[in-house]
Amino acid sequence: MPSIEDELFPSTPGKFKIDRSNRQLHRCFASTSTMFLWALFLIALTASYLSFQSFVDSGSRYLTASWGGIQWEKQVRTSAQIHRSGGISVLVTGATGFVGSHVSLALRKRGDGVVGLDNFNNYYDPSLKRARRSLLSSRGIFVVEGDLNDAKLLAKLFDVVAFTHVMHLAAQAGVRYAMENPQSYVHSNIAGLVNLLETCKSANPQPAIVWASSSSVYGLNEKVPFSESDRTDQPASLYAATKKAGEEITHTYNHIYGLAITGLRFFTVYGPWGRPDMAYFSFTRNILQGKPITIYRGKNRVDLARDFTFIDDIVKGCLGSLDSSGKSTGSGGKKRGSAPFRIFNLGNTSPVTVPILVDILEKHLKVKAKRNFVEMPGNGDVPFTHANISSARNEFGYKPTTDLETGLKKFVRWYLSYYGYNTKAKLVH
Ligand SMILES: O=C(O)[C@H]1O[C@H](OP(=O)(O)OP(=O)(O)OC[C@H]2O[C@@H](n3ccc(=O)[nH]c3=O)[C@H](O)[C@@H]2O)[C@H](O)[C@@H](O)[C@H]1O
């Protein structure tokens, strides 16, 4: 008599007898077809479960995510429309950030198509980002709320619009914050960048990319002014290291996939709608509130200096870079020929010390600062920056025109009005 095991597993090796009766063979075929039917049933069950799961997944994504759907696609398409002959269609990442919002408005003003992308993170007060978004929205610029690391979202955006250019400004900024939250720099400045490049390389047509590197890549370089060919292998902060890594990563995408890429080394950008984490901004807030400000000093009490660059000059540099970017040569992930790979300094060429910056703020705010000098902590800061801008000038006519005095006057006027101070610098609400 066959055992229970034989009945259930008739094909178990070593259990078949060569000399079988017809009845045994019949039972064997019967149980094989039963198994076959069970297998079919299980496959059908699994397939219907999986499709139900994907229905639930996509359904919940549409219910919870802030992107997707017919209406959303229409908004993206409308925002990307070009309104001038020879215009470009640009995906601006970090569109509700400081530089991103200014560049988006400038592109829109001259008739280019602009779609923004921003994750509205809370590195600094997101209400400022929302206010910038309202401004963009009032000019017809749609900002998609989403993260650079969302590959599906990026692919969808390129499905909906054949962007000619990407202005990549989304990043984890700030030199000193890198010691508090190092992972956020890796997430945005490395992983997010690679995700974006992956999407761009596969797009058909491939866009040209202009992106924000940083003056901080010069790190401990002491040769002044800083030229693009100077050494950048001594970063002083993780922020700087991720920006330097970005320059290397973009090079590989240019080399392998034929993406046209321009990296811009911004030098301490300031101005209206600026970043609250930066010194000129937080100094203004503290001075108005009667709180002390901390001013770092270098070795031997040497003042720190920055090549502070006004936002309008940076915007001109960004537009010049986009217009002279050249074309990517690849399509669908295949390189067809070489494409431009460029890196430019965008600075002001006239460094100013931090105490002088404070003098100017005091003058415009009409309030004395309570200065507290401390030795520069070893937290990633560098003693000075100074840009040589001849490459950008030769390539696309970059010429900064705003000195710190004029630029800070514009910033202070904006600050007082945005935060509701009256002319006597008192908080109204
Ligand atoms: O060019 C860049 O690539 C970077 O520029 C900017 O970095 P930084 O040049 O360090 O600007 P910022 O913080 O305004 O400090 C200015 C000066 O004030 C000093 N500083 C700062 C804070 C303080 O409390 N006291 C002080 O003396 C400080 O020691 C420094 O000397 C961007 O933030 C950064 O994201 C990146 O884009």
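These legends accompany several close-up views of a predicted model. Local features are described only where pLDDT is at least 70 and side-chain atom pairs only at pLDDT 80 or more, whereas totals for chains, interfaces and linings use all residues. Residues are numbered from 1 along each chain as its sequence is written, and side-chain values use heavy atoms, with hydrogens and water left out.

View 1. An unreviewed UniProt entry lists residues 90-324 as "domain: NAD-dependent epimerase/dehydratase"; UniProt positions are given in the numbering used here, feature names are shortened, and annotations may be inferred rather than shown by experiment. The span is 42% helix and 18% strand, and its end C-alpha atoms lie 14 Å apart. Helices (H or I, at least four residues) and strands (E, at least two) are DSSP runs, numbered from the N terminus.

**View 2. The seven-stranded open sheet.** The strands follow the order β3-β2-β1-β4-β5-β6-β11, with parallel pairing, where two strands pair if DSSP finds at least two bridges between them. β3 (142-145) and β11 (341-346) stand at the edges with a single partner strand each, so one side of each has no neighbour in the sheet. On average, and with direction ignored, neighbouring strands are turned by 20 degrees against each other; axes are lines fitted to C-alpha atoms, for helices over the stretch in contact, and angles run from 0 to 180 degrees between N-to-C directions.

**View 3. Strands β5 and β6 with helix α7.** Six bridges pair β5 (residues 208-214) with β6 (residues 261-266) in the parallel sense, and A212 stands opposite L264 in β6. Helix α7 (residues 182-202) packs on the sheet, where it touches β1 (89-93), β4 (165-168), β5 and β6, and its direction makes about 175 degrees with that of β4.

**View 4. The largest nonpolar core.** Such a core is a set of buried Ala, Val, Leu, Ile, Met, Phe, Trp, Tyr and Cys residues joined through side-chain atoms within 4.5 Å; buried means under 20% relative accessible area, exposed over 50% and partly exposed in between, with a 1.4 Å probe and protein chains only. Among the 69 residues of the largest core, M167 and F266 touch the most other members, while helix α13 (residues 404-418) supplies the largest share, seven residues. Another core, of 31 residues, lies apart from it and includes A80, L154, L157 and Y253.

**View 5. Strand β8 beside β13.** The covered face of β8 (residues 292-297) consists of I293, I295 and R297, and the uncovered face of P292, T294 and Y296. Six bridges join β8 to β13 (residues 370-375), and the two run parallel; the bridge partner of I293 in β13 is R371.

**View 6. Two aromatic pairs.** Rings of Phe, Tyr and Trp (its six-membered ring) pair if their centres lie within 6.5 Å, and planes under 30 degrees apart count as stacked, over 60 as edge-to-face and the rest as tilted. Y218 and F267 form a tilted pair, 6.3 Å centre to centre with 35 degrees between the planes. Because Y218 lies in the loop between β5 and α8 (238-257) and F267 in the loop between β6 and β7 (269-270), this pair ties together parts that are 49 residues apart in sequence. Y415 and Y419 also form a tilted pair, at 4.6 Å centre to centre and 45 degrees between the planes; Y415 counts as buried at 2% relative accessibility, whereas Y419, at 24%, counts as partly exposed.

Methods: Contact = heavy atoms within 4.5 Å.
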